[in-house]
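Open the structure in a viewer and keep the selection panel at hand.

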Amino acid sequence: MPATRIPILLALTVVAAAGCSSGGGTETPPASLTGRTFVSTAVSGTPIPGGGPLTLTFVEGGRISATSGCNTANGHADLQGNTMQVGELASTMMACPGDVMGADEWQAGLLHSQPTWTLSGDTLTLKGSGTTVTMLDRKAAHPDKPLVGTTWVVNTLLRTDAEVRSVTLDEVRPTLTITPDGKVSGTAGCNTMTGSAVIDGDDVTFTIATTRMMCAPEVMEVEQQVLGALDGKTKATIDSDVLTLRNAGNNTGLKLRAE
């Protein structure tokens, strides 16, 4: 089992030249993008190493979050004039296998090229650095999955000030399923989970038990964090095929994707 690579946040300084809007035409207000996530459906030009997709989220306060299959980058972006000017970014630092490792460089090249953007309904188009990326609103591409009856796979560990991914987490793929009668099943990374979940609106209170096998230390570390996040009351939100569980009791949480 390879050693766990726990990412840290790294500030990447980007010097962006001042860009000018093209003048004529009607601008789409940046507010129309805020709170939305788009997923690439087609790339014309240099393809995304590893196949992507590019996922781009527009957050309040002029912030963006982007991932193309490897690390996640966060920072500010000026969208005025239908030109995206990206400032400094903070990125996770996870080593990714094979061609996927090149996805970060591809993504940085696109975002730092001051790409133009146009929005038509649920379709966002980015053009920059000889590449055209067609993206679809994630809710249109993947409507919200139900909390109950879906098998969810943990892909990110949430801490107070960071989102953590690792090779070990990707390999062991902890899972969580809640049945209509409130039964919980899944794996925490090493051991099998059983238990119950009481759902009250977006509050989900877990009671979890596990088998007692021992695995490699890096796997047990992941398991401990998964079980900590599922210890008691959590707040659940679903955005398309992504479930976020936050445990205010110990300031931890999980991001899970529908299998």
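Buried means under 20% relative accessible area, exposed means over 50%, and partly exposed lies in between (1.4 Å probe, protein chains only). The model is predicted: local features need pLDDT of at least 70, side-chain atom pairs count only at pLDDT 80 or more, and totals for chains, interfaces and linings use all residues. Residues are numbered from 1 along each chain as its sequence is written, and side-chain values use heavy atoms, with hydrogens and water left out.

A disulfide here is a pair of cysteine sulfur atoms within 2.5 Å. How many disulfides does a search of the whole structure find? It finds 2.

Select C70 and C96. Their sulfur atoms are 2.0 Å apart and form a disulfide. The torsion about this S-S bond is about 95 degrees, so the disulfide is right-handed. The pair links distant parts of the chain, 26 residues apart: C70 is in the loop between strand 4 (63-67) and strand 5 (72-78), and C96 is in the loop between strand 6 (85-91) and helix 1 (103-111). Helices (H or I, at least four residues) and strands (E, at least two) are DSSP runs, numbered from the N terminus. C70 is buried at 1% relative accessibility, and C96 is buried at 10%.

Next, select C190 and C215. This disulfide also has its sulfur atoms 2.0 Å apart, and with 75 degrees about the S-S bond the link is right-handed. C190 lies in the loop between strand 13 (183-187) and strand 14 (192-200), and C215 in the loop between strand 15 (203-210) and helix 4 (217-229), so the pair ties together parts 25 residues apart in sequence. Is C190 buried or exposed? At 11% relative accessibility, C190 counts as buried, whereas C215 is partly exposed at 31%.
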